Amino acid sequence: MNKEHLKNVLIKNSIVNANKNFPQGTSAAYLVDHFQLDRSAASRLLNEFVHKGEAIKINSRPVLFYDKKTLESVFDIKCSHSTFKNEEEFHHYFLPEQKMKDPFKKFIGSSSNIINIVEQCKTAISYPPNGLPILLTGDSGVGKSYLAQLIYEYALNKKLIPDKAKFVTFNCAEYADNPELITSKLFGYEKGAFTGADTNKTGVIEEADEGILFLDEAHRLSAESQEKLFLLMDKGVLNPLGNNQIERNVNVRIILATTEAPKNAFLPTFFRRIPVVIHLPSFDQRSLSEKISMIVKFYKDESEKLKKQIKVQKNVINTLVNYNPPGNTGELKNIIMYSCARSFQDDEETNKNPYISVRIKHLPESLINEYIEQQNMTRYQYQGVISDNVWIDPSYSKNTIESFLSEAENCLNNLKALLENRMKDKDKLKMPLLLEEVENHLEALLELSLTNDSKQRLTIIEKLLSGVMEISDYILYPNKTVTKLARYLLYSTEYIMNVNIDNKLFYNLFEEIYELFPREINQTLLLAEELENALGIEMNIFDQCITALYLRSLETAKDNNKMKAVIVCHGEKTASSIAGVANRLLNRHIFQGFDMPTEVSMLDITKKINQFLKSVDTSKGVIVFVDMGSLTQLSERMENVSMGPIGLVNNITTSMAIEAGEYIVQEKPLKEIVEKITVNQVPTYQYIKSSDKKMNVIVTTCDTGVGTAVKFRELLEKGFENCENIKILAHDFLSLKQKGLSAEQFQQYNVLGIVGTVNPEVHGIPFVAIEDIITGENQYKWYQILDPILPKETISHLNKNILKLFSIQSVIDHLTILNPDKIIHHVDETITVLQEELDMTLTNSSKISLYVHLSCLIERLVKKQPIETYHDMEALELKHQYFIHKINDVFKNIELTYGVTVPTSEIGYIYDIIKNTNLNFQY
């Protein structure tokens, strides 16, 4: 028996019961009986751990040994004793009252994912009568064994298992090379079952009776062992090796752990019997707060060992936060122990301080080099994570990091306090000042740096925000504008985990903002919807208030000292529509639209307009446009609301608004503007005879939905932007395939050709495949499509432009909001594995189609918008079970990476792509 094995035995036998009883401990006799050690050798090994300070010894009969760190961790107490006179003294020292009521509080994490994991554990172990089998998955070092131990402690605390119940750990990897041995160790054996089986022997399952059996590295279980476990899970009985006629009743809860993908690791019949599968995130998948919590906790552990305070430089914390240790939290813990040892050594050689100071130089060399590289690249990479050095005291007992706020948290907490004070004292709620303060706080966030993980997330948020603002005709400002808002949302959702929001207070603020700035609130709600749908980011009421105020501050900054213009129209969106078109064409926000539904009175509308005008600078005057009548009523109620003159104009049209906007930009006097626009707006008419001439169009389509067809259209429009006589339209694939020439597009337009992923086979209409555009094959088809209406030189030029636009990188970058480099890498790996699994080489056209299709598929699944129907689902499930099974295997890494599940309906479209482009495909 080596020392590492002995250490594991000490830990296993040191698990503390929840009630007055204590664990069995480890004695020399136990080692002699279980591991055939010489008694003197066993005593010597156990006492060596005591001398090193790693074990506690009780001079009872027999003498018992416990792992010191395990007891300290469970009781959350620093033990200064290495030996106790008797069990009574030992029990008195580790009082049951000092134990944590909920062991899971030691499992660091406050994100929704971690909270869900804890709830799953509690639910599974509590399910009557004997709990549910639990499978813990995740990379090595993520804490599967530790979580299993916490589940056991929770079961004891809740009295789900008796006080005497054991937590038995069995590492399946130790016996993986001998299937018969692993079965005998688990289930026991009967005399004569194999050579050397001279007596009957019970297995670890019976040893864990009434308690919990933890099967670590469970993917190494033999097929025979898995099959024998069926009976245990189904009926609570087992057969010892060598006699299947004997059935022994066993009441045991089972927890398994594996680093492998479950579907590949176990027999399907065995895996189906495990209803609860819990995936533990790796260190790099944890939130910033959780990472810092772990680092602080591990330094606290070392502080207790050394009985000294530890001062950790903020650069050390920031470097560790940004490091993704291959060995996860286990490796991180070793790094922290190493840094403390180096610092302790330096301290011993210089002077005896009451504390040790951990600096960058105390980290392993690889991390020092990484820190230097990051400094050279960005001068100071991580100043926004931890704002000051961290002092850790041995008596520090919190599991949170409330004392270690980042600069970002301080900034946003200050902003929250400021808004709360303004709302509580309405006299201080001056909107212009509030807008300025919000903008200043968000500006401050730009000065803070980010970890590498956060940078990637920020890029995705920025891309989504830019797209939504552009689509909604929101006037775009310099790039820094979107970055500021994206930064705020990143910090708000990732950095601050426990902010208490006074919902009632901020709902009142939200209503006041809506009264004044409906456009900004509507834009905010649209952003909130897209963020939640696409990225799972939820904006609370505080976030929505900040976003709306920030958007308004941008407008205020742009139109200071400018004349203001208001449009008031009857109808749900008439005014906002005219204002939006005019603002977009003028490339600035000049007009504020106030829609006036029929049920809203003129008094209410006037009140809103007056509130708005009081919130902005009106020294240059205000023009109010209305659609019909109401001028008299407005003029009577708008006195003393503007510092400058007011112009009222009736019968507003879009062209009138654009003309007025141009004069406002030119800073013409108000009176001159209203005179000119009313004189020039004279009604005219034209009479046009009917014509049979139809507009030329190219139709884009995609077999996975019209959404992708729209994105193809947007990309193709860039290539045809100089061709005024050709329009690009997106159309549903199934409709084209089923209706053919009777489809609506063919009635209204002259369809030149169809561009898409799969040919809908419309008679007489040329088709260009997306993969052909990307590869440059079949260029002649553009000549076939465009020859009747364009010169050959123009077609050639067009073809070159389209080839540039339709590279794999640009297509996928345009199609998805996800990181295109990352998604291409994952799709490339998936296609490689797919060819291996199917034992075939896909054609180039198949690969390109799959690149495009799978990229869109991943995005749909991330956004929780999968295609849930397939044209022949019944035949797919009946005839192509093997193909479905293979795709599920191939996509396991994609599913784990993005946290998604590929439904069978989506697999059907993958089958169609391969089948349509590979004639010999037989699956």
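**Reading a sheet and a helix pair**

Modeller: Strand β4 (residues 134–137) pairs with β10 in the parallel sense, over 4 bridges. This is a predicted model.

Colleague: Which residue stands opposite Val-276 in β10?

Modeller: First the general idea. Strands of a sheet pair through backbone hydrogen bonds, either parallel or antiparallel. In this case, Ile-134 stands opposite Val-276.

Colleague: What is the strand order in the open sheet?

Modeller: There are 5 strands, ordered β5-β6-β9-β4-β10, with parallel pairing.

Colleague: Which strands stand at the edges?

Modeller: β5 (167–171) and β10 (276–279) do. Each has a single partner strand, so one side of each lacks a neighbour in the sheet. From one strand to the next, the twist averages 20 degrees.

Colleague: Which strands does helix α7 touch?

Modeller: Helix α7 (residues 144–157) packs on the sheet and touches β4, β5, β6 (212–216) and β9 (253–258). The directions of α7 and β6 make about 175 degrees.

Colleague: Now the helix pair. At roughly what angle do the axes of α1 and α2 cross?

Modeller: The axes of α1 (residues 3–12) and α2 (residues 28–35) cross at roughly 120 degrees and come within 12 Å.

Colleague: Is the crossing of α1 and α2 left-handed or right-handed?

Modeller: Right-handed.

Colleague: Which residues meet there, in α1 and α2?

Modeller: From α1, His-5, Leu-6, Val-9 and Lys-12. From α2, Tyr-30, Leu-31 and Phe-35. By class, this contact has 5 nonpolar, 1 polar and 1 charged residues.

Key: Residues numbered from 1 in each chain as written. Predicted model: local features only at pLDDT ≥ 70, side-chain atom pairs only at ≥ 80, totals over all residues. Heavy atoms only, no water. Axes fitted to C-alpha atoms, helices over the stretch in contact; angles between N-to-C directions. Helix = DSSP H or I, 4+ residues; strand = E, 2+ residues; numbered from the N terminus. Left-handed = near helix turned anticlockwise from the far one by under 90°. Contact = heavy atoms within 4.5 Å. Nonpolar A, V, L, I, M, F, W, Y, C, P; charged D, E, K, R; others polar. Pairing = 2+ DSSP bridges.
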